[in-house]
Amino acid sequence: MTTKYTFDAHLPLRWPTQCAVCGDKPTAMAKARCSVVTSAGYYVIFWTRTSRIITLEYPVCQKHNVLATVAGLISKRSLLNLGAGIMVVYAGIGFFAGLYQILTIGTPAVGEAFPWFSVVFFGGTAAGVWAARFTPVKVTDAQGDLITIKFSSDDYAKSFMALNAAPVGVGISPTSAAR
Ligand SMILES: [Zn+2]
């Protein structure tokens, strides 16, 4: 289970004084980034888009700073990662088509591309799963002033909620979603 939390960007957030990954004394700040496309238009030749980059900093220990940063880059919501995700899906289609051909006609019709489909599909999927698991705090959405973050650890989410519960104003809608 993952826990999501939506808050008003104007209200200060209070972070637990513990590493978001292991709970140790925090010595560094990891960044959670997200790029949200606010408008997009197609003008004959060019795509134009306007996007907002949301950046949040949260405390981690020195050891987990790198882990949280790398996982955060892979799992962050961005056009680049959307493209990578689509590539993995296509590679998956190629992989299963090739596998089907191996099982039915003995050789993949996609030929030499088959090993690459396999590598991209399994590598990409593994990286995505790993990153989703090890990104302690992730910005998942931003609509106007409301920003939604997601925690990978329920315990950490509980400590965070306890600190940020019930100030006056908008943004207190902790929701839980099954992954
Ligand atoms: Zn740590």
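Biologist: Nice to have this one open together! In what order do the elements of the protein run from the N terminus on?

Modeller: The order is β-β-β-α-α-α-β-β-α-β, which amounts to 4 helices and 6 strands. Helices (H or I, at least four residues) and strands (E, at least two) are DSSP runs, numbered from the N terminus. This is a predicted model: local features need pLDDT of at least 70, side-chain atom pairs count only at pLDDT 80 or more, and totals for chains, interfaces and linings use all residues. Residues are numbered from 1 along each chain as its sequence is written.

Biologist: Thanks! Let's take Val 137, then. Why is Val 137 called buried?

Modeller: A residue is buried if 20 or more other C-beta atoms lie within 10 Å of its own, exposed if 12 or fewer, and partly exposed in between, with C-beta atoms placed from the backbone. Val 137 has 26 other C-beta atoms within 10 Å, so Val 137 is buried. Val 137 lies in strand E4. Across the protein, buried residues make up 23% of the 179 residues.

Biologist: Which residues does Val 137 touch, leaving out residues up to four places away in sequence?

Modeller: Two residues are in contact if their C-beta atoms, placed from the backbone, lie within 7 Å. With that cut-off, Val 137 touches Ala 20, Ala 32, Leu 56, Tyr 58, Ile 149 and Phe 151. Leu 56 is 81 residues apart from Val 137 along the chain, yet their C-alpha atoms are separated by 8.9 Å. For the protein, 70% of the contacts between residues at least 6 apart in sequence join residues at least 24 apart.

Biologist: And the largest nonpolar core: which residues touch the most other members?

Modeller: A nonpolar core is a set of buried Ala, Val, Leu, Ile, Met, Phe, Trp, Tyr and Cys residues joined through C-beta atoms within 7 Å. The largest has 23 residues, and Ala 20, Val 60 and Val 139 touch the most other members. Two or more residues come from each of strand E1 (2-8), strand E2 (28-43), strand E3 (46-60), helix H1 (62-75), strand E4 (137-143), strand E5 (146-151) and helix H4 (154-164). Not counting residues up to four places away in sequence, Ala 20 touches Tyr 58, Pro 59, Val 60, Ala 68, Pro 136, Val 137 and Tyr 156.

Biologist: On to the helices. What makes H1 and H3 oblique to each other?

Modeller: Axes are lines fitted to C-alpha atoms, for helices over the stretch in contact, and angles run from 0 to 180 degrees between N-to-C directions. Angles under 35 degrees count as roughly parallel, over 145 as roughly antiparallel, 65 to 115 as roughly perpendicular and the rest as oblique. H1 and helix H3 (residues 113-134) pack at an angle of about 125°, with their axes 8 Å apart. H1 and H3 are therefore oblique. The contact involves Leu 67, Ala 71, Ile 74 and Ser 75 of H1, and Ala 127, Ala 131, Ala 132 and Phe 134 of H3.

Biologist: How many nonpolar, polar and charged residues does the contact of H1 with H3 have?

Modeller: Ala, Val, Leu, Ile, Met, Phe, Trp, Tyr, Cys and Pro count as nonpolar, Asp, Glu, Lys and Arg as charged, and the others, Gly among them, as polar. The contact of H1 with H3 has 7 nonpolar, 1 polar and no charged residues.

Biologist: Why is H2 called oblique to H3?

Modeller: The axes of helix H2 (residues 79-105) and H3 come within 8 Å and cross at roughly 130°. That angle makes H2 oblique to H3. Among the residues in this contact are Ala 84, Met 87 and Val 88 of H2, and Ala 113, Phe 114 and Ser 118 of H3. By class, the contact of H2 with H3 has 10 nonpolar, 6 polar and no charged residues.

Biologist: Last one, about H3 itself. How do you know whether Gly 123 is buried or exposed?

Modeller: Gly 123 has 12 other C-beta atoms within 10 Å, so Gly 123 is exposed. Gly 123 is in helix H3, and its C-alpha atom is separated from that of Val 88 by 8.6 Å. Ser 118, also found in helix H3, is partly exposed because 17 other C-beta atoms lie within 10 Å. Ala 113 has 15 and is therefore partly exposed.
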